[in-house]
Amino acid sequence: MKAVAVIPKSRRVELIDVEPPELSGPSQVELRMLEVGICGTDKEIAAFEYGSPPPGADHLVIGHESLAEVVDVGASVSRVRRGDLVVPTVRRPCPHEHCVACREGRQDFCYTGDFTERGIKERHGYMTELVVDDESFLNVVPPEIREVAVLVEPLTIAEKALAQVRQVQQRLPWGCAGSTPSDVGRCHRAVVLGAGPVGLLGAMALAAEGFQVTVFSREPSGGPKAALVESFGAAYVSGATDSIETLATKVGNIDLVYEAVGASAVAFEVMKFLGVNGVFVFTGVPGRRKPVTIDTDLLMRHLVLQNQVVFGSVNAGRDAFEAAIRDLGRFLERWPQATRSLVTGRHPVDAYAELLAGKIGGIKNVVAF
Ligand code: BGC
């Protein structure tokens, strides 16, 4: 059976041959992988900047954004049936008794750092033909969203962040939902940094939630990215022609920044313009570049004097997967064209090298088995 793997010791990325997995417990499920998305994390792993093989192995099978079909189930499996479409979660709990997050099934908040992640950290991933997993990590997807269901995992990033934004905004007792663009102080003006898949899915999730969304990215205004953003009711401001000051003037009080660009210099520059009672969410994991100079006094004054909240968010729990599955259905109904256009290419597994080297452009590229 074919699998795409990185071999860090020899710094190679290869299509390898592996033994098909077998069910080894009653709660296990065998999955046939249908589609596996490629993201920035995969490209970093393939450049040997991130990721690690399972203990004792010299290779890591990559792939963590997926859509699969159930082909076999263990004797006690009750959550899924043969033929179901499923999206498995990525992170698996650490073994420590004292890690309350993992013991509660919320390994996305793991305290010890000893969690594993399929296709990323010490556990093989999904870019292969067959996979075995425990039923507790599977999320059933309705067939109506099959064509875009590979976007569930990247959308969970936004869903987890949004759940936390809602919690923070509850501190404003007049309520934020159902606001109109003219309602100043209704905490509904969001800026999304970056127009890759995480940014665009975040922008859609925010627009669906009633936010007035502005996407800030480097592609030119009037281009296809801008058109896509505008097609789901968000505004587009191009970093190629507009400064961050201009962005801030256009938006007004920035109630929320959803960072999906992975570049700290840009992010902290934008943080200077976060509005009163604003929330800034980081989702990107930047590489280690040169340190940048930031005006920490200014940021600290704003944080305190303007009641601001800054938080980071990684990975996602079952609730975020369920929300993502529900929301993708809603996006498809409301913005069918825009939602479908996020998946820009389906490729055979043999195209793995070009895909991982970033030689194939587009928004979300997918390996289809
Ligand atoms: C994945 C997350 C993962 C994170 C850090 C992201 O690309 O979507 O599930 O937790 O990388 O490894």
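Start with Cys 99. Cys 99 counts as buried, because its relative accessibility is 1%. Buried means under 20% relative accessible area, exposed means over 50%, and partly exposed is in between, with a 1.4 Å probe and protein chains only.

Before I go on, a word on the source. This is a predicted model: local features need pLDDT of at least 70, side-chain atom pairs count only at pLDDT 80 or more, and totals for chains, interfaces and linings use all residues. Residues are numbered from 1 along each chain as its sequence is written, and side-chain values use heavy atoms, with hydrogens and water left out.

Back to the cysteines. How many disulfides does the structure hold? The count is 0. Cys 99 is in no disulfide; its nearest cysteine sulfur belongs to Cys 102, 3.7 Å away. A disulfide here is a pair of cysteine sulfur atoms within 2.5 Å. Now Cys 110. Its closest cysteine sulfur is also in Cys 102, at 3.6 Å, and that is too far for a bond. Cys 110 is buried, with a relative accessible area of 14%.

Next, the rings. The structure holds 4 aromatic pairs. One of them joins Phe 280 and Phe 282: tilted, 4.7 Å centre to centre, 45° between the planes. For the terms, rings of Phe, Tyr and Trp (its six-membered ring) pair if their centres lie within 6.5 Å; planes under 30 degrees apart are stacked, over 60 edge-to-face, and the rest tilted. Phe 280 is buried, at 0% relative accessibility. Phe 282 is buried too, at 18%.

Phe 331 and Trp 335 form another tilted pair, 5.7 Å centre to centre with 45° between the planes. Both residues are buried. Ring pairs also bring in Phe 232, giving a cluster of Phe 232, Phe 331 and Trp 335.

The charged end of Arg 92 sits over Phe 137, 4.0 Å from the ring centre. Lys 160 lies over the face of Phe 109, at 3.9 Å from the ring centre. The test: NZ of Lys or CZ of Arg within 6 Å of the ring centre and within 35 degrees of the ring normal.

Last, the ligand. Which residues are around the ligand? Among them are Cys 39, Tyr 50, Arg 91, Glu 117 and Asn 315; to be listed, a residue needs a heavy atom within 4 Å. Thr 41 has a side-chain N or O atom 2.6 Å from a ligand oxygen. For Glu 153, a polar side-chain atom lies 2.8 Å from a ligand oxygen. For His 64, the distance from a side-chain N or O atom to a ligand oxygen is 3.3 Å. Taken alone, the ligand exposes 310 Å², and the protein buries 91% of that. Those areas come from the Shrake-Rupley method with a 1.4 Å probe.

Note on methods
A polar contact is a pair of N or O atoms within 3.5 Å; within protein, one must be able to donate a hydrogen and the other to accept it, and residues adjacent in sequence count only if both atoms are side-chain atoms.
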